Amino acid sequence: PANAVEQVFFEFETRLDPSATYRSACLDRLRALGLETRATALKALGSDYGHTVLLAAELLEWVGATASEDPRDVAALLDAASRTSLVEAAGRCLDAASRLNNGTLPARAVSLLAHPNRNVRVVAEGRLNRSPDPSHVERLLQSAEFGRDADVRLRSARLIASHTTAPETRLVLRRLMRDESVEVAFSAASSLAGEA
């Protein structure tokens with residue numbers, strides 16, 4: 001370890017104790033070291049150990065720069081969410097990215113709906129559904145119409161249900177009614193019907 005911040009991460013990884021209690025104690029130690037922990041937190045997001053990514057995301061949520069100050073923190077969190085093997089860490093990365101991005105996820109997060117791990121897809125859909133944003137629409141429409149499998153198309157179709165007032169959205173939903181997956185077609189029909 002090159003400094004006190006790296007020392008805490010080093011101890012966390014070598015002890016191999018992923019309990020929430022120990023992680024919380026390490027997080028308190030890191031926060032006590034001040035704002036300079038940001039650089040190490042960004043570095044730790046690239047770890048192969050999922051619990052380190054989880055700890056780094058929690059720290060970065062506290063010490064990170066908002067997207068208006070420096071968009072690199074949000075981008076690093078999204079990258080970590082797409083790489084980590086721990087679903088809890090992926091969710092925490094998305095939560096931190098949302099908070100640093102004024103309560104919404106960037107449109108780039110839509111690509112996580114096609115993640116190879118279905119559990120990460122579930123987490124991504126939940127977080128995107130929690131804070132829908134017009135900037136997501138273009139990627140959602142593309143994913144709904146051309147997603148590589150029915151699961152991706154279904155998740156995208158469900159998410160665009162809150163953006164049905166736009167003409168291009170309604171056009172894609174009409175096309176989705178002819179989808180080979182019955183679930184996707186019914187989801188599109190339900191979104192188009194709305195209150196009717």
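**View 1: Glu 125 in helix H7.** Glu 125 belongs to a helix that runs over residues 118–130 (helices are DSSP runs of H or I with at least four residues, numbered from the N terminus). What you're looking at is a predicted model, where local features need pLDDT of at least 70, side-chain atom pairs count only at pLDDT 80 or more, and totals for chains, interfaces and linings use all residues. Residues are numbered from 1 along each chain as its sequence is written, and side-chain values use heavy atoms, with hydrogens and water left out. Glu 125 counts as buried because its relative accessibility is 12% (buried is under 20% relative accessible area, exposed over 50%, partly exposed in between, using a 1.4 Å probe and protein chains only). Its side chain meets that of Arg 158 in a polar contact of 2.8 Å (a pair of N or O atoms within 3.5 Å; within protein, one must be able to donate a hydrogen and the other to accept it, and residues adjacent in sequence count only if both atoms are side-chain atoms). If you skip neighbours within four places in sequence, Glu 125 is in contact with Arg 158 as well as Leu 113, Arg 155 and Leu 159 (contact means heavy atoms within 4.5 Å).

View 2: Ala 56 counts as buried because its relative accessibility is 0%. Beyond the neighbours within four places in sequence, Ala 56 is in contact with Phe 9, Ala 41, Ala 44 and Leu 45. Pick out Ala 80 too: 24 residues from Ala 56 along the chain, with 9.9 Å between the two C-alpha atoms.

**View 3: A ring cluster of Phe 12, Tyr 22 and Tyr 49.** Two aromatic pairs turn up in the structure (rings of Phe, Tyr and Trp, the last by its six-membered ring, pair if their centres lie within 6.5 Å; planes under 30 degrees apart are stacked, over 60 edge-to-face, the rest tilted). Phe 12 and Tyr 22 are stacked, at 5.8 Å centre to centre and 15° between the planes. Phe 12 comes from helix H1 (residues 4–15) and Tyr 22 from helix H2 (residues 20–32), so this pair ties together parts 10 residues apart in sequence. Both Phe 12 and Tyr 22 are buried. The pair of Phe 12 and Tyr 49 is tilted, because the planes sit at 50°, with ring centres 6.3 Å apart. Tyr 49 lies in the loop between helix H3 (37–44) and H4, so its pairing with Phe 12 in H1 joins parts 37 residues apart in sequence. Tyr 49 is partly exposed, at 22% relative accessibility. Look also for Arg 15, whose charged end sits over the ring of Tyr 22, 4.0 Å from its centre (NZ of Lys or CZ of Arg within 6 Å of the ring centre and within 35 degrees of the ring normal).

**View 4: The largest pocket, with about 180 Å³ of space.** Among its lining residues are Pro 1, Glu 6, Phe 9, Thr 40, Ala 44 and Thr 52. H1 gives the most to this lining, with four residues. H1 and H3 each supply at least two. (On a 1 Å grid over the protein atoms alone, a pocket is an open set of points with protein on both sides within 12 Å along at least five of seven lines, a cavity is a set where a 1.4 Å probe fits but cannot get out, and lining residues have an atom within 4 Å of a point; points join across faces, edges and corners, and volume is the space filled by probe spheres set on them.)

**View 5: The largest cavity, with about 30 Å³ of space.** The structure holds one cavity of 30 Å³ or more. The largest cavity is lined by residues including Leu 128, Pro 132, His 136, Leu 159 and His 163.
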